[in-house]
Amino acid sequence: MADGTVHFRVWAPGQQQITLRLSGTDREMTASEDGWFDTRVTGVSAGEEYQFVLADGTALPDPASRAQTAEVNGPSRVVYSTQYEWQHTRWQGRPWEESVIYELHIGTFTPEGTFTAAAEKLPYLAETGITMIEVMPLAQFGGNRGWGYDGVLLYAPHSAYGTPEEFKAFVDAAHGVGISVVLDIVLNHFGPEGNYLPRLAPAFFDPERMTAWGAGIAYQVDGARQYILDAPLYWLQEYRLDGLRFDAIDQMKDVSEPHILIEIAERIREEITDRPVHLTTEDSRNVTFLHPRNADGNVPLFTAEWNDDFHNAIHVLSTGESHAYYQDFATHPEQLAARALAEGFAYQGEMSPQTGKPRGAVSHRQPPVAFVDFIQNHDQIGNRAHGERLITLAGAERTRLLLAALLLSPHIPLLFMGEEYGETRPFLFFTDFEGELAQAVREGRAREFAGHSGYDQDAVPDPNALSTFEQSTLRWQTCSDPEGQHALSLTRTLLALRQKYIVPLLTPAKGDVGEILQTSEGFLSVRWTFPRGTLSMTLNIGNDNHLLPTLPGDTLFAWPQDAATSAPGSLIVRLSPGAKT
């Protein structure tokens with residue numbers, strides 16, 4: 001407010017008394033019957049530190065802190081929304097069909113690991129053909145180092161990366177070079193360090209339900225529900241983000257009506273109408289009910305779903321691995337990869353060999369842009385004992401062939417940072433915990449890795465070691481090496497082809513456009529028929545030559561060269577223009 005008045009509020013039905021400690025001075029807060037404590041203070045400057053003090057003297061950060069002074073357990077910091085002056089105020093966003101997503105982790109994207117350092121790479125990403133950055137979770141978490149999925153202060157950007165103003169400057173600079181920014185957000189659990197909600201509001205969590213990472217949230221409880229509902233809108237509005245990726249939504253169990261995810265999406269669509277907002281989900285169930293299209297093609301809820309099926313089928317096809325969840329793709333992976341390309345999901349209700357239960361929903365009626373495909377991401381790399389990238393497992397030539405197939409398919413492609421130039425450094429699982437919690441993470445991670453390929457308990461890097469984090473930082477010198485330059489040049493060529501020829505097909509696209517033409521061991525051929533043209537793709541990473549099925553049109557891309565047959569280690573993509581609409 002103009003006079004520097006700040007309204008401090010905290011929901012703490014588990015406490016009888018709360019005191020505000022602001023810049024070293026304690027002030028009594030007024031309690032209300034619904035568990036809220038509040039007070040108004042005038043003359044408060046931006047940057048002043050504050051905490052909420054319990055009756056026993058324990059000082060806690062604000063659960064809705066907008067910024068921390070330093071670490072997660074310390075004081076929160078007063079932030080005014082008007083502190084940052086936006087430069088690119090005319091930014092109107094980009095259509096979803098143009099999306100080429102680049103997933104990055106702020107802490108390991110550059111040696112500095114900050115928002116400011118990451119912003120310096122934005123022109124390079126724009127020149128490469130990236131149109132959207134997906135930032136891994138930023139909510140303040142315990143320690144300085146981590147993937148971000150153990151956040152506990154869901155409204156505060158992680159202080160080790162920079163200030164709220166510096167994150168705004170990063171988003172602003174991205175918009176200045178034509179890149180959208182979306183944020184990965186975790187609303188299914190809270191991390192193990194710095195979560196004081198059980199003391200403030202025990203009803204926030206559901207004692208009858210646990211997620212894979214911690215206590216389940218009681219979304220049916222008003223105070224908890226409001227906290228979770230407001231967080232996505234806050235990030236979108238305060239930081240002018242272009243969308244959100246919702247992590248592991250299958251772990252968001254809600255008995256309310258409507259389900260909290262539907263209410264979140266409806267509120268976002270209702271309140272943000274001045275630009276396109278893209279909402280994606282990660283969900284191991286392979287669902288489609290959250291991603292409907294209106295008759296005019298508009299999106300009333302969520303835009304697309306991460307397509308793990310495509311990744312898993314391609315991974316098994318290219319590496320031969322069949323451990324853990326890859327069991328579901330061990331038999332005829334080329335058929336499953338072809339189905340994922342043609343119809344969306346590989347599993348659409350069939351029995352999962354890994355779980356013995358049916359998995360997935362019918363997806364062929366979805367438009368291709370309802371699926372975000374990738375051949376690697378933070379999970380699929382980091383959830384290996386040694387964090388190997390696909391290029392290490394399958395070799396550079398095969399990986400580039402698969403990258404070309406990814407970028408020239410009509411699904412929305414996602415690259416993991418460094419993939420565009422052939423980064424070979426691993427992306428390991430890393431944390432920054434101490435004592436018993438650090439040991440628990442080591443042991444828990446070892447148990448998880450036991451079902452994965454390459455597991456050797458004695459050789460698994462310690463998640464809490466600084467060296468594990470440092471090994472995961474991109475080596476930008478690789479981008480300038482001859483091999484890196486060659487890989488980067490190919491990526492830029494493919495993305496230019498995508499924007500010129502593939503994207504125009506997608507705007508009027510609806511469902512039921514894909515068709516599997518042929519599969520054989522290591523070989524697949526798929527065709528998509530759109531109102532504006534027919535796109536065909538043949539991929540061969542097997543050992544045999546195959547006659548090409550009928551692929552109408554001109555060759556858009558061929559590796560290593562165009563031919564009448566599909567040789568081992570080849571990709572052919574053709575396009576036949578259709579009616580102009």
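Biologist: Which residue in β16 stands opposite Leu183?

Modeller: In this predicted model, the residue of β16 that stands opposite Leu183 is Leu244. The strands concerned are β13, covering residues 180-185, and β16, covering residues 243-246, which pair in the parallel sense over four bridges.

Biologist: What do eight strands close into, and in which order?

Modeller: They close into a barrel with parallel pairing, in the order β9-β10-β13-β16-β17-β18-β19-β20. On average, and with direction ignored, neighbouring strands of this sheet are turned by 30° against each other.

Biologist: Switching to rings, how many aromatic pairs does a search of the whole structure find?

Modeller: The search finds 32 aromatic pairs. One of them is formed by Phe204 and Tyr227, edge-to-face, with 5.6 Å centre to centre and 80° between the planes.

Biologist: Which parts does that pair tie together?

Modeller: Phe204 lies in the loop between α5 (197-200) and β14 (205-210), whereas Tyr227 lies in helix α6 (residues 222-238), so the pair ties together parts that are 23 residues apart in sequence.

Biologist: Are Phe204 and Tyr227 buried or exposed?

Modeller: Phe204 and Tyr227 are both buried. Phe427 and Phe430 form another edge-to-face pair, at 5.7 Å centre to centre and 80° between the planes, and both of these residues are buried too.

Biologist: Which residues do ring pairs link into a cluster?

Modeller: The cluster includes Phe204 and Tyr227, and among its other members are Phe115, Tyr155, Phe190, Tyr234 and Trp235.

Biologist: Which residues in α7 are buried?

Modeller: The buried residues in α7 are Ile260, Leu261, Ile264, Ala265, Arg267 and Ile268. Seen down the axis of α7, the buried residues fall within an arc of 165°, so they line one face of the helix.

Biologist: Where does Pro258 lie?

Modeller: Pro258 lies in the loop between β16 and α7, and the peptide bond from Glu257 to Pro258 is cis, with omega near 5°. The bond from Trp559 to Pro560 is likewise cis, with omega near 0°, and Pro560 is found in the loop between β25 (554-559) and β26 (565-566).

Biologist: What about phi at Asn286?

Modeller: Most residues other than glycine have a negative phi, yet Asn286 has a positive phi of about 60° although it is not a glycine. Asn286 is found in the loop between β17 (278-281) and β18 (304-306), and it is buried, with a relative accessible area of 3%.

Biologist: And what is phi at His332?

Modeller: His332 has a positive phi of about 50° although it is not a glycine, and it is found in the loop between α8 (308-319) and α9 (333-343). At 43% relative accessibility, His332 counts as partly exposed.

Definitions and conventions: Residues are numbered from 1 along each chain as its sequence is written. This is a predicted model: local features need pLDDT of at least 70, side-chain atom pairs count only at pLDDT 80 or more; totals for chains, interfaces and linings use all residues. Side-chain values use heavy atoms; hydrogens and water are left out. Two strands pair if DSSP finds at least two bridges between them. Helices (H or I, at least four residues) and strands (E, at least two) are DSSP runs, numbered from the N terminus. Axes are lines fitted to C-alpha atoms, for helices over the stretch in contact, and angles run from 0 to 180 degrees between N-to-C directions. Rings of Phe, Tyr and Trp (its six-membered ring) pair if their centres lie within 6.5 Å; planes under 30 degrees apart count as stacked, over 60 as edge-to-face and the rest as tilted. Buried means under 20% relative accessible area, exposed over 50%, partly exposed in between (1.4 Å probe, protein chains only). The arc is that of the directions from the helix axis to the C-beta atoms.
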